[in-house]
Amino acid sequence: MKKQQDYLSANNIKYIDYKDVELLRMFLTPHGQIVGHKRSGLGQKQQRALATAVKRSRFMGLLPYIAA
Amino acid sequence: MENKDITVDSVEKGRGVYEVGFHIVPIVAEADLGIRVTAIRDVIEAAGGSMISDEYPKHMELSYPMTKIAANKRALHHSAYFGWMKFEVEASGARDINTKLKADDLILRYIIVKTVRENTMVPKKVLQQKRGDEPKVEEKVEDKPVLTEAEIDKTIEDLVIS
């Protein structure tokens, strides 16, 4: 059985940019929380990179800390 | 024990690719943005940085209000001009840039990150595919044999008889 690929590998995304809000929003809940690895389907390294990118984006006001 | 010649300076000598993202306060007139961008570029070049790519600041609404203390006054901002610059510089140069940007009263907020030389923004086309806009598979319409009236009558008769 073929292993299912995660979204980043499937689209050959090697670096998660904090400015790429559209990409980051895919991995956020409607409240702005980062989804867990089970829902994101990412590996450990990618999940950590995602968390860093989201936190940078929040610091720069591109993403909310808490969405209403 | 062997004394290795690894010092802080020798480690820092390697040039790295950095990116600075910044928000310029909205009180700056749009016509004067060019001056602010040139000022930031000068800071980078003065620290020995060589530019790789950049994006001119664009006005945007912030996700949450930010405060900036300038000239002993606290000001709350709901929007800003966001731009970024990617450059190559030594680690010590990056530290100088950080110090100088911190002192700039017209920069609401900034971030310096280590990045890669290649373009890191994902093209929009890739993102659109994710949202269930999968290419529709066209259903194949099989060519049914066209029967003439006589043939149809005949087949009906056969069915009725049997």
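Predicted model: local features only at pLDDT ≥ 70, side-chain atom pairs only at ≥ 80, totals over all residues.
- Four strands of chain B form an open sheet in the order β2-β3-β1-β4, and their pairing is antiparallel.
- Because β2 and β4 of chain B stand at the edges, each having a single partner strand, one side of each is left without a neighbour in the sheet.
- Neighbouring strands of this sheet are turned against each other by 20 degrees on average, if direction is ignored.
- In general, the strands of a sheet pair through backbone hydrogen bonds, in either a parallel or an antiparallel way.

**How the strands are joined**

- Strands β2(B) and β3(B) run antiparallel and are joined by 14 bridges, and within this region S50(B) has E88(B) in β3(B) as its bridge partner.
- Strand β3, residues 73–90 of chain B, is also joined to β1(B) by 10 bridges, again in the antiparallel sense.
- E88(B) in β3(B) is the bridge partner of V17(B) and also that of S50(B).

**The turn between β2 and β3**

- Strands β2(B) and β3(B) form a hairpin that has two residues between them.
- A71(B) lies in the loop between β2 and β3 of chain B, and its phi is near 55 degrees, a positive value in a residue other than glycine.
- N72(B) has its place in the loop between β2 and β3 of chain B, and it has a positive phi of about 60 degrees although it is not a glycine.
- N72(B) counts as exposed because it has 5 C-beta neighbours inside 10 Å, where the cut-off for an exposed residue is 12 or fewer.

**Helix α2 of chain B**

- Helix α2, residues 33–46 of chain B, has 14 residues and reaches 20 Å from its first C-alpha to its last, which is close to the 20 Å expected at 1.5 Å a residue.
- The buried residues of α2(B) are I40(B), V43(B) and I44(B), and because they cover an arc of only 100 degrees around the axis, they are on the same side of α2(B).
- Among the elements that cover these buried residues are β1, β2, β3 and α3 (91–102) of chain B.
- The face of α2(B) that is turned away from its buried side carries the exposed residues G34(B), I35(B), T38(B), D42(B) and A46(B).
- After α2(B) comes G48(B), whose phi is positive and near 85 degrees.

**Where chain B touches chain A**

- In the contact between the chains, 17 residues of chain B are in contact with 18 residues of chain A.
- The elements of chain B that give two or more residues to this side are β1 (15–24), β2 (50–70), β4 (107–114) and α4 (124–130).
- The largest share of the side of chain B that touches chain A comes from β2(B), which gives four residues.
- Sorted by class, the side of chain B that touches chain A has 11 nonpolar, four polar and two charged residues.

How values were computed:
Residues numbered from 1 in each chain as written. Chains lettered and ligands numbered in written order. Contact = placed C-beta atoms within 7 Å. Nonpolar A, V, L, I, M, F, W, Y, C, P; charged D, E, K, R; others polar. Pairing = 2+ DSSP bridges. Axes fitted to C-alpha atoms, helices over the stretch in contact; angles between N-to-C directions. Expected span 1.5 Å × (residues − 1). Buried ≥ 20, exposed ≤ 12 C-beta atoms within 10 Å, placed from the backbone. Arc of directions from axis to C-beta.
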